[in-house]
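Work through the exercises below with the sequence and coordinates open. Each task is followed by a stepwise solution.

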Amino acid sequence: MDTEHLLAALPADEFSVAEEGPLDYLLYNTCGFIGDAKEESINAIFEGVEAKRRGETHELLVFGCLSERYANQMPELIPEVDAWFGARDLNPLLRYLGAPPSRFTRRRQENRRGYAYLKISEGCDRRCSYCAIPFIRGPHKSVPIEDLVSEATQLASEGVSELILIAQDTTFYGLDLYGRRALADVLKALSEVDGIERLRIHYSYPSEFPEDVLEQMASNPKVCKYLDIPLQHISDGVLGCMHRHIDAAGTRSIIRRLREKVPGVVLRTTMIVGHPGEGPDEFQELLDFVREARFERLGAFTYSEEEGTWGATHLEDSVPEEEKRRRLDELMTLQSAISLEFNRSRIGTVERVLVDDVVGDTLVCRSQYESPEVDGEILVPKTADVPVGSYLSVRITEADEYDLKAVPAT
Ligand code: SF4
């Protein structure tokens, strides 16, 4: 998304994107959150160094989370890079390139699809014990509603009809800017943008969940009855260790309110297994909770120490790796059965789907209950020329725990 903002901010009469050299600038947007992503970013930069040696680019520039997180080490490690910019340094980067500053309310989308992610805020004021994001992305900063509307309007004019609202913590939106939680205002404002048909909320934080968001989900037809709400655990002891500022009773309460106030809502959550403080009893508590709450979608990770976090410096990574993997497998086996039961319950229903892609003779689609990249797909045989980004009514005919099959509804 930062790349799309940056490309849109560069004056088109002075800058163009080229795949091959000779280039004036070769830019890398990097990720520095977890080991694999860091390695991938560093490997890509070294490829850039080689390209510079071969004379394929005049300058090599790097921005994003990796350069933010390792601002002191990276210039020494890779001196061939001409300039490093942090995760929030898009305007300094524009200045370096000789382009005017921007508010970044426009995007240049490389892949045209019917959906787009919309970052409503950046950074995080929380301090979950296992997470390095607040050190990398800085304090929470909301994007003004008028800027979000203007970005949504541009995206809609280019064929986007589904916006997936993301942030490090979407339910925190507004506190810094308006002195109150204002995610519901964002939903209202965006649902009035011509061409926007679906709004989907990701990364909502369970504690102090804004009640007016539940009202929007229940009554605003453009807000998907779908919520991504990472819970991470249910045991009071583990949640306390994680610094999540919510306990088991508070967690059960928000899940109950969601199910009651938004009938039919599909919940996606994330859990961490093997966090310090999770013994066999706490893990059993987690399994019992997942069995009870019946999340339609659930992803899980094994705990790993992230350098610089409170967990890495104050907690002992006490669960052996093999045991973490075993717990992950047990949890995901349980979840597979729950997801399968949910998907099978949809056989025979008619759902409105958005066409994300056309692969051979198959339309790859999603209903309001699926988010792209993390959830399954609805596969529909192509019976007519249906462009990507259009909507269809389909009848679900088959289901496994991830994907569904459907036929056009008559
Ligand atoms: S896990 Fe989410 S809420 Fe917690 S510190 Fe990280 S970004 Fe913030």
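Predicted model: local features only at pLDDT ≥ 70, side-chain atom pairs only at ≥ 80, totals over all residues.

**Exercise 1.** State the domain bounds and how far apart the C-alpha centres of domain 1 and domain 3 lie.

Solution. Step 1: the domain assignment gives domain 1 as 2-97, domain 2 as 115-345 and domain 3 as 350-408. Step 2: between the C-alpha centres of domain 1 and domain 3 there are 37 Å.

**Exercise 2.** Classify the packing of α9 and α10 as roughly parallel or roughly antiparallel, and list the residues that meet.

Solution. Step 1: α9 covers residues 183-191 and α10 covers residues 211-219; their axes are 8 Å apart, at an angle of about 30 degrees. Step 2: angles under 35 degrees count as roughly parallel, so α9 is roughly parallel to α10. Step 3: L183, A184, L187 and K188 of α9 meet D212, V213 and Q216 of α10. Step 4: by class, this contact has four nonpolar, one polar and two charged residues.

**Exercise 3.** Describe the barrel that contains β13 and β14, then find the bridge partner of T362.

Solution. Step 1: five strands form a closed barrel in the order β12-β13-β14-β16-β15, and the pairing is mixed. Step 2: ignoring direction, neighbouring strands of this sheet are turned by 50 degrees against each other on average. Step 3: β13 (residues 362-366) pairs with β14 (residues 378-381) in the antiparallel sense, over four bridges. Step 4: T362 has P381 in β14 as its bridge partner.

**Exercise 4.** Which residues surround the ligand, and how do they divide by class?

Solution. Step 1: the surrounding residues are C124, R126, R127, C128, C131, I133, P134, Q168, D169 and Y205. Step 2: this shell has six nonpolar, one polar and three charged residues.

Note on methods. Residues numbered from 1 in each chain as written. Pairing = 2+ DSSP bridges. Helix = DSSP H or I, 4+ residues; strand = E, 2+ residues; numbered from the N terminus. Axes fitted to C-alpha atoms, helices over the stretch in contact; angles between N-to-C directions. Near = placed C-beta within 6 Å. Nonpolar A, V, L, I, M, F, W, Y, C, P; charged D, E, K, R; others polar. Domains from an automatic or database assignment. Parallel < 35°, antiparallel > 145°, perpendicular 65-115°, else oblique. Contact = placed C-beta atoms within 7 Å.
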